[in-house]
Amino acid sequence: MPQSPDDAHKTSLRDRLHEWRGSPGDLARWAFWVPFRELLNPDRPEQLARLYPLWRAQHALAGEQRQLMAEELRLCFGGASEATQEEAYRIAFRVHLEELLLGKLNRDTWRKYMRFERQDHMERALARGKGVVLLNPHAGNIMMLIASISLHGYPYTQYAARGVAPDAVAAQNPEVFGHNRWRLATRKAREGNEDRLPANFISLETPVRHLYRCLAKNEVVGIAYDGRIGARFTAVPYLGREALLSPGPYRLAASTGAAIVPAFCECPEGDVNVLRFGEPLWGDDADTLMERFLDQAQAWLRAHPAAYGLWLAHCRQRRAVDDHPLFIDYAPDDRYKVHLKRR
């Protein structure tokens, strides 16, 4: 039945009010990222350590997300024990807290939160003089990865999605991407903190030739290989399923001669984060580089499934609004085919 003029007016008013006020969750996220962040001292890691055990509350309140994560862990790794699920929330909660320190860290304090393992792999790749394409999964504290590498002194550029969703996307999916004052203020605060790092951030709108310039100067370009930004994807075997992954990083490395260095963030309980650099790869065949890299990535993920749990759940939750979801088996329709690139 069509809405009456009064009902339509009420709906419009409610939408405008939500646009201005947001939800209680939006206000809570702003409070977390703005006033609460101001209380933290990066020289005192014990401040955050006292809060780490609160992950249990997030786990208890997760509801559908926890169920979806358990299903994704089972599909990707053959099982989803309660211990693995709990570990996933422990890692995710700690990572979220530690991200508050971005923009407060300096060349000394970052070492209180992360250390490098197999840094010789990075040094060997840079010694070739053709730059490094650093590839990581959405697992562990990847924002601390960016902070640590750039604060250590490596010239670093991160390719990532930034800003808020375009107006058309926000209008179609207001609960997920809708704009309001609290969401906009939170995004501004988060990206402002990131911009205080000695890292450069670029997005899809930046011409690809900028990446070529960075690599020509023997710099490091960071890319999350399982990210969903972009328009060209390849269907590949991944964690026992068929995934849509971008061929771009491997084509970039093959065409420039840059080395690919895998990067994995481990989050051991009772210790600082560990950034583990994988065996560097180089060559002029993009398909071979992709296969060799994914061999390393999948081996690490199978050894650390909990670190990937929340990203798997996030991608599954967004399947209805993503026209190129991570895994084809839960694509809501066949729109993803327009993004497919032949290998």
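User: How many disulfides does a search of the whole structure find?

Analyst: The search finds zero disulfides, a disulfide being a pair of cysteine sulfur atoms within 2.5 Å. This is a predicted model, in which local features need pLDDT of at least 70 and side-chain atom pairs count only at pLDDT 80 or more, while totals for chains, interfaces and linings use all residues. Residues are numbered from 1 along each chain as its sequence is written, and side-chain values use heavy atoms, with hydrogens and water left out.

User: What do C267 and C315 count as, buried or exposed, and why?

Analyst: Buried means under 20% relative accessible area, exposed over 50%, and partly exposed in between (1.4 Å probe, protein chains only). C267 has 8% relative accessibility and therefore counts as buried. C315, at 6%, is buried as well. Over the protein chain, buried residues make up 48% of the 343 residues.

User: How many helices and strands does the protein chain have?

Analyst: The protein chain has 16 helices and nine strands. Helices (H or I, at least four residues) and strands (E, at least two) are DSSP runs, numbered from the N terminus.

User: How do you know what span to expect for helix α12, and what does the helix reach?

Analyst: The expected span is 1.5 Å times one less than the number of residues in a helix. Helix α12, residues 181–194, has 14 residues and reaches 20 Å from its first C-alpha to its last, close to the 20 Å expected. At the start of α12, a side-chain oxygen of N180 comes to within 3.0 Å of the backbone nitrogen of W182. W182 is one of the buried residues of this helix, together with R183, T186, A189, E191, N193 and E194.

User: What makes the buried residues of α13 lie on one side or on several?

Analyst: In α13 the buried residues are L211, C214 and L215. They cover an arc of only 95 degrees around the axis, so they lie on the same side of α13; the arc is that of the directions from the helix axis to the C-beta atoms. An α-helix has 3.6 residues a turn, so residues three or four places apart point the same way. R209 and A216 are exposed on the other side of α13. The buried residues of α13 pack against β2 (132–136), β3 (156–159), β4 (199–202), β5 and α14 (248–256), contact meaning heavy atoms within 4.5 Å.

User: What is remarked about the phi of N218 and of L239, and how exposed are N218 and L239?

Analyst: N218 is not a glycine, yet has a positive phi of about 60 degrees. N218 sits in the loop between α13 (209–216) and β5 (220–224). Its 23% relative accessibility falls in the middle class, so N218 is partly exposed. L239, again not a glycine, has a positive phi of about 55 degrees and is found in the loop between β6 (234–238) and β7 (241–245). At 0% relative accessibility, L239 counts as buried.

User: Which side chain makes a polar contact with that of T84?

Analyst: The partner is S81, at 2.9 Å. T84 lies in helix α7.

User: How far apart are N273 and F116 in sequence and in space?

Analyst: N273 and F116 are 157 residues apart in sequence and 8.7 Å apart in space, C-alpha to C-alpha. N273 lies in strand β9 (residues 273–277) and is buried, at 0% relative accessibility. A polar atom of its side chain lies 2.8 Å from the backbone oxygen of Y113.

Conventions: A polar contact is a pair of N or O atoms within 3.5 Å; within protein, one must be able to donate a hydrogen and the other to accept it, and residues adjacent in sequence count only if both atoms are side-chain atoms.
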